[in-house]
Amino acid sequence: MQGDDTPVDVSTLLIVGLGMIGGSLAAALKANGYRGQILACDPDAGEIATGLELGVIDAGGVELAPLVARSDVVVLAVPVLAMRQVFEQLVPLIGERILTDVGSTKRRVCDAAREAFGYLPTNFVPGHPIAGSEKSGVAAANPALYRHHKVILTPEADTASSAVAAVRTLWQRCGAEVLEMPVDRHDQVLARTSHLPHLLAFSLVDTLARQDERLEIFRYAAGGFRDFTRIAGSDPVMWRDVFTANRDALLAALDDFEAGLARLRTAVEQGDSDAMLGTFDRASHARHYFETLLNQTSYQTMEARQVQYRVSPGGSVSGRIRVPGDKSISHRSIMLGALANGVTEVKGFLEGEDSLATLQAFRDMGVAIEGPHQGRVTIHGVGLHGLKKPAGPIYVGNSGTAMRLFAGLLAGQAFDTELTGDVSLTKRPMARVADPLRLMGARIDTAEGGRPPLKIHGGQPLKGIDYDMPMASAQVKSCLLLAGLYAEGETRVREPAPTRDHTERMLNGFGYKVARDGDLATLQGGGELTSAPIDVPSDISSATFFLVAAAITPGSDLVLEHVGVNPTRIGVINILKAMGADLRLENPREVGGEPVADLHIRYAPLKGIDIPVDQVPLAIDEFPALFVAAANAEGTTRLRGAEELRVKESDRIQAMADGLTILGVETTVYGDGIDVVGRSGEAFNYQGGQVDSLGDHRIAMAFTIAALRASGSITIDDCANVATSFPGFVTLANKVGLELTEASA
Ligand code: S3P
């Protein structure tokens with residue numbers, strides 16, 4: 001045996017149990033240049049002979065002790081129920097060697113080790129590669145079996161970290177992604193994602209086969225049967241062992257499944273079309289989501305993908321494009337559509353991650369929603385009191401809008417809910433909605449400092465309030481108006497400056513009167529919403545990146561079609577015009593209660609300005625791009641009164657200042673704003689460099705367009721969240737003339 005510190009890729013590895021799984025590990029290591037010896041032990045001498053013949057092992061035998069003596073790392077690849085016996089044999093043999101296993105249930109394996117050793121050895125690293133095949137035996141060894149698959153390790157607190165690191169390296173060498181989780185969590189997850197489907201496949205095939213002894217029926221079975229039952233061809237003994245070993249978690253999963261099946265049975269029996277559609281839509285959507293994950297790696301967890309943009313310097317932009325639908329209106333279309341009586345047809349819906357999360361949340365609360373298919377969504381409204389308690393927390397991803405609007409809407413429900421989101425959202429302030437909602441009678445718990453998650457206690461009678469908002473926020477205003485639908489009496493919200501009024505417009509469009517008197521919006525609780533068609537215009541916030549791209553780049557001439565130009569959203573147009581941009585609104589019209597126009601922009605030299613404070617709330621999401629405009633304008637642009645920018649998806653003042661500094665642009669940061677010293681009239685106004693978007697979609701897109709006037713390429717880290725608001729951004733940017741490539745890790 002070599003010393004403890006033998007690097008794992010030259011150590012001698014012993015695989016105990018040379019079947020398809022153990023054989024594939026050996027084959028994968030060999031194929032990936034593993035420099036150590038690979039031994040195998042198996043009671044079946046024939047398997048050892050085959051392993052040697054195939055060249056996947058270097059030596060082997062049926063006797064454990066001499067093989068253990070020669071090895072540094074021992075991998076148990078025997079069936080789960082045989083582990084106990086092997087552990088017992090290993091007690092006098094294992095010493096300081098690293099021990100790991102590949103068993104698909106971890107509690108049972110750990111208990112077996114504990115029983116044999118009297119404790120859990122600290123050099124034992126329980127493991128489970130999530131990969132398999134219906135084939136068995138070393139002859140089926142596949143060197144690619146673990147590539148892009150996950151391997152879950154379930155070490156205990158006192159497991160030696162050097163042993164964990166060695167096992168991790170071993171699997172990574174096979175191309176696997178290694179992650180860690182507690183034993184019980186592993187068993188529950190696998191019971192649902194692997195053991196239950198196998199049980200169902202075995203059961204279905206057996207049931208059908210029994211009904212037709214001569215198996216005639218299978219002659220007529222097509223793709224559906226084949227897809228659903230492929231795994232019923234798996235090794236019966238192994239699965240008997242798995243089901244036995246993970247009995248409790250499997251039974252819990254089966255209970256949930258049976259309850260779901262019973263619900264579906266009732267729906268079919270009663271011809272309940274909404275219930276069937278609701279279930280199938282949810283499932284179909286979830287399956288598509290799974291498919292997109294699968295395309296990245298199998299068993300991908302929910303952690304964010306790492307996406308990096310690289311933008312070549314120079315170029316100009318031209319053409320006619322349509323950017324995706326408005327995010328604010330898309331969220332609201334689903335919310336109000338779900339709460340309305342009747343069916344709401346939505347066109348132009350933004351199929352971005354944020355609005356899709358909202359859509360999924362309503363499916364989870366029992367609303368049947370068809371689509372989205374190319375921006376079309378059909379919502380079968382359930383009325384203000386028709387939502388059902390979701391099975392778990394509502395996950396709103398990256399979206400502050402969703403969390404704040406949901407808070408108001410859910411405060412009025414009869415059931416409890418919990419709102420959660422991604423890491424960025426978890427840092428954002430929610431007291432701004434929780435406090436006034438409490439004044440209305442809601443019961444809401446937040447995490448420390450008023451942060452998410454929000455626990456909302458249902459069944460609280462709400463009463464209308466008269467509220468002066470301390471900040472200009474459409475999200476807070478909308479939250480309170482939505483709670484006001486459920487409140488007794490009048491809810492009155494006063495804003496310190498005008499903010500986007502999509503909620504008020506859409507409520508009025510759904511026949512629910514919201515009165516406007518200067519800075520005051522008022523509604524009376526207890527009414528009803530009636531469905532109405534919604535045509536979502538293109539998002540002016542997404543259009544902004546291309547407006548600024550054209551505004552700063554000589555030779556540019558671009559038309560952005562069908563952009564929403566609601567007066568509460570056109571700060572960017574006013575500011576760009578004040579800076580000297582050649583920007584025209586063409587073909588103005590009104591669509592579904594919202595003004596829309598085509599925006600035609602050509603290059604013209606820009607000059608720095610003091611941004612009027614009254615424009616700040618009207619351009620609140622557009623500042624990252626506007627700072628890029630400022631960097632390309634003659635003189636200094638000054639922004640004040642914009643402290644709200646510090647609590648967006650990132651601290652947008654600091655994030656932009658940091659990135660601009662890297663490019664060599666001079667900025668001075670203030671608590672509520674920034675000065676950007678611009679340049680104009682030269683080929684390049686700043687250099688290239690590598691900047692961090694901090695996971696903020698708008699920071700990522702702002703630095704993308706900055707490359708048009710940079711002397712070198714710009715690399716932008718952490719861009720996956722562009723998909724929250726602007727799916728297809730990379731394609732569209734390249735279409736108009738940017739040179740942008742995307743790399744994911
Ligand atoms: C939004 C309101 C704004 C904006 C956000 C969308 C909305 O937030 O920044 O992207 O849809 O109501 P605040 O209300 O916090 O200013």
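Predicted model: local features only at pLDDT ≥ 70, side-chain atom pairs only at ≥ 80, totals over all residues.

Residues are numbered from 1 along each chain as its sequence is written, and side-chain values use heavy atoms, with hydrogens and water left out.

The structure holds 12 aromatic pairs. Rings of Phe, Tyr and Trp (its six-membered ring) pair if their centres lie within 6.5 Å; planes under 30 degrees apart count as stacked, over 60 as edge-to-face and the rest as tilted. One of the pairs is edge-to-face: Phe 87 and Phe 117, at 6.2 Å centre to centre with 70 degrees between the planes. Phe 87 belongs to helix H4 (residues 83–90) and Phe 117 to helix H5 (residues 106–117), 30 residues apart. Helices (H or I, at least four residues) and strands (E, at least two) are DSSP runs, numbered from the N terminus. Both Phe 87 and Phe 117 are buried, that is, under 20% relative accessible area, where exposed is over 50% and partly exposed in between (1.4 Å probe, protein chains only). Ring pairs also join Phe 87 and Phe 117 with Tyr 119 and Phe 124 in a cluster.

Tyr 309 and Phe 729 form a stacked pair, 6.2 Å centre to centre and 25 degrees between the planes. Because Tyr 309 lies in strand S10 (residues 307–311) and Phe 729 in helix H25 (residues 729–736), the pair ties together parts 420 residues apart in sequence. Tyr 309 counts as buried at 2% relative accessibility, and Phe 729 at 1%.

A charge is placed over the ring of Tyr 670: the charged end of Arg 640 sits 3.8 Å from the ring centre. The criterion is NZ of Lys or CZ of Arg within 6 Å of the ring centre and within 35 degrees of the ring normal.
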